[in-house]
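Trainee: I'm new to this one. Can you walk me through it?

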Amino acid sequence: MKRLGLVEDVLELRQIDHHPDYDYSEYLGPNTQTYFFRDYQPFPKQLHSVYATEILESKILHYDDLKAISKEFSLECLPDDDNLLDKLSLFVEADPELLDHYGYSDLVQFKPRQLEIVTIDNPKRRLVLQGSFEGDSYGISQADWAFYAIIKFRGFRLSPNKEQFFKQLLIESYLLHIKGDNRVSFFLSYSGLEGFINRKLNSEKISDRISGKLSDMFRQEAPGIELNGHEIYSHVVNDFNNSLTDMRNKVAHGRLNQIGAEQSLHMLVCALIIVCSIEFKTDKFENLLVSSV
């Protein structure tokens with residue numbers, strides 16, 4: 001999926017709202033105690049959905065720290081400018097250890113004890129975080145510093161255009177596979193592959209069997225290569241025609257009730273390999289390998 005530009009890792013510097021939830025921790029003014037808080041962070045703008053996240057580092061940054069960082073990188077932004085965090089995130093992506101040289105791990109009146117991601121809320125496009133700190137009223141209502149975290153988001157890019165709708169189907173197939181909705185996941189990846197084939201052949205209105213269209217697409221996109229000698233075609237396409245299409249037909253006609261995680265992932269991987277083979281004009285599996293998912 002990374003080869004197709006569907007999956008992307010985004011690192012962003014975010015300010016964490018650590019205002020206590022007083023339903024769980026009583027306000028004690030200047031007295032020190034443990035306070036609990038909940039925070040909500042929106043997804044990066046370029047991601048359509050997120051399936052994995054990680055907090056790489058958290059730090060207390062003073063107004064002077066942000067001013068120094070802004071000056072070092074010639075950002076021409078003051079610490080209270082709305083654009084500062086967006087610009088700093090560009091440098092964080094290049095150097096995730098950026099915060100090592102600035103700020104504090106804790107203060108006398110504010111000692112972070114926990115910060116974790118509770119939920120990836122795709123319908124609302126946000127992360128739900130929770131944490132705790134040991135502190136007093138100064139740690140709650142500070143004026144010259146704030147609590148920040150570098151968060152890594154792994155997800156899918158914004159929805160492709162209408163001509164690349166097959167990519168959206170593959171994205172949704174993977175998300176449903178993760179959730180355990182394997183039957184729908186299977187059908188979406190099958191439909192995504194069928195849509196890709198029709199787009200390549202301009203055959204949306206032609207009702208030929210998909211196996212025939214698949215062969216036609218490979219002959220059109222890989223001229224000069226005998227299909228029997230095409231490594232990917234020989235292995236993956238035969239598997240698709242003989243196993244996966246048969247499974248799809250049995251489910252569609254009520255002769256098979258259950259599609260498991262193994263079958264839905266099998267269909268998705270098959271679709272991705274075929275699409276990548278055509279898009280990157282290769283007949284070898286080794287040419288599809290990337291360093292990470």
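Mentor: We'll take the ground rules, then salt bridges, a sheet, a helix and a strand.

Trainee: What should I know before reading any values?

Mentor: This is a predicted model: local features need pLDDT of at least 70, side-chain atom pairs count only at pLDDT 80 or more, and totals for chains, interfaces and linings use all residues. Residues are numbered from 1 along each chain as its sequence is written, and side-chain values use heavy atoms, with hydrogens and water left out.

Trainee: How many salt bridges does a search of the whole structure find?

Mentor: Eight. A salt bridge here is a side-chain nitrogen of Lys or Arg within 4 Å of a carboxyl oxygen of Asp or Glu. One of them joins Glu-134 and Arg-113, at 3.3 Å from N to O.

Trainee: Which parts does that pair tie together?

Mentor: Glu-134 is in strand 5 (residues 126–135) and Arg-113 is in strand 4 (residues 110–121), so the pair ties together parts 21 residues apart in sequence. Helices (H or I, at least four residues) and strands (E, at least two) are DSSP runs, numbered from the N terminus.

Trainee: Where does Glu-279 find its salt-bridge partner?

Mentor: At Lys-200, 3.1 Å away, N to O. That pair links distant parts of the chain: Glu-279 sits in helix 8 (residues 261–279) and Lys-200 in helix 5 (residues 182–201), 79 residues apart.

Trainee: And Glu-221, is it buried or exposed?

Mentor: Glu-221 counts as buried, at 18% relative accessibility. Buried means under 20% relative accessible area, exposed over 50%, and partly exposed in between (1.4 Å probe, protein chains only). Glu-221 forms a salt bridge with Lys-281 at 3.7 Å, N to O. Lys-281 is exposed, with a relative accessible area of 59%.

Trainee: Let's switch to sheets. What is the strand order in the open sheet?

Mentor: Three strands, in the order 2-5-4, with antiparallel pairing. Two strands pair if DSSP finds at least two bridges between them. Strand 2 (33–42) and strand 4 are at the edges with a single partner strand each, so one side of each has no neighbour in the sheet.

Trainee: How many bridges join strand 4 to strand 5?

Mentor: 10, and the two run antiparallel. Ile-120, for instance, stands opposite Leu-127 in strand 5.

Trainee: Now helix 1. Which of its residues are buried?

Mentor: Asp-65, Leu-66, Ile-69 and Ser-70 are the buried residues of helix 1 (residues 63–72). Down the helix axis they fall within an arc of 135°, so they line one face. The arc is that of the directions from the helix axis to the C-beta atoms.

Trainee: What do the buried residues of helix 1 pack against?

Mentor: Strand 3 (47–62), helix 2 (84–94) and strand 6 (145–157). Contact means heavy atoms within 4.5 Å. On the other side of helix 1, Asp-64 and Lys-71 are exposed.

Trainee: Strand 6 came up there. How many of its residues are buried?

Mentor: 11 of the 13 residues of strand 6, so the rest of the structure largely encloses it.

Trainee: Which strands pair with it?

Mentor: Strand 1 (residues 7–16) is joined to strand 6 by 10 bridges, antiparallel. Arg-14 has Ala-149 of strand 6 as its bridge partner. Strand 3 also pairs with strand 6 in the antiparallel sense, over 13 bridges. There, Thr-53 partners Phe-153 of strand 6.
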